[in-house]
Amino acid sequence: MATVELRFSALPEHVRTARLVAAAVARRAGVDEAVLDEVRLAVGEACSRAVGLHVSNGVSAPVRVALTEEEKKFSIEVGDEAPRAVPGRATDGDGAGDALSGDESGAEAEDEMGLAVISGLVDDVEVTSDEAGGVIRMSWPTADASAPS
């Protein structure tokens, strides 16, 4: 199992580099040429989302991207360190602060749109988040997986 790790400052101009690296590693891993555009777009969307979350939450840590070549699949994890509210956690109890301001609801809508785009591009996607940040895991079959036995 070969892994390429990439970390970059939360700046929009670095997203293009992450997309190019992801496409190159996916090609080397054996992902079908017809799917490479989907890989590029999904990684770009996930990285843009992570950059946006870092910027809006004032996080200075780098965005993390791990590209892993396994026997029959190629997977990518895009991680951020932007804290999220975890449903069911105790608050002050009076419901104050539950409503989102206009800026927060706009950012949340943009975040949901990004996740919808990723879900439309990738069949195997998992999104997790907690107080420490979030991870988007995506995977695609490689040529070995789609070859008849």
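The following legends describe close-up views of a predicted model.

In this predicted model, local features require pLDDT of at least 70 and side-chain atom pairs pLDDT 80 or more, whereas totals for chains, interfaces and linings use all residues. Residues are numbered from 1 along each chain as its sequence is written, and side-chain values use heavy atoms, without hydrogens and water.

**View A. The largest nonpolar core.** This core (buried Ala, Val, Leu, Ile, Met, Phe, Trp, Tyr and Cys residues joined through side-chain atoms within 4.5 Å; buried means under 20% relative accessible area with a 1.4 Å probe, protein chains only) has 30 residues, of which V39, F74, I76, V78 and M138 touch the most other members. Elements supplying at least two residues each include α1 (13-29), α2 (36-57) and β5 (133-141), as assigned from DSSP runs (helices H or I, at least four residues; strands E, at least two). Helix α2 gives the largest share, eight residues.

**View B. Surroundings of V39.** Neighbours within four places in sequence aside, V39 is in contact (heavy atoms within 4.5 Å) with A22, A26, V31, F74, I76 and W140.

**View C. Arginine R49 in helix α2.** R49 counts as buried because its relative accessibility is 11%. Beyond neighbours within four places in sequence, the contacts of R49 are D80, R84, D111, L115, V127 and I136.

How values were computed:
Buried means under 20% relative accessible area, exposed over 50%, partly exposed in between (1.4 Å probe, protein chains only).
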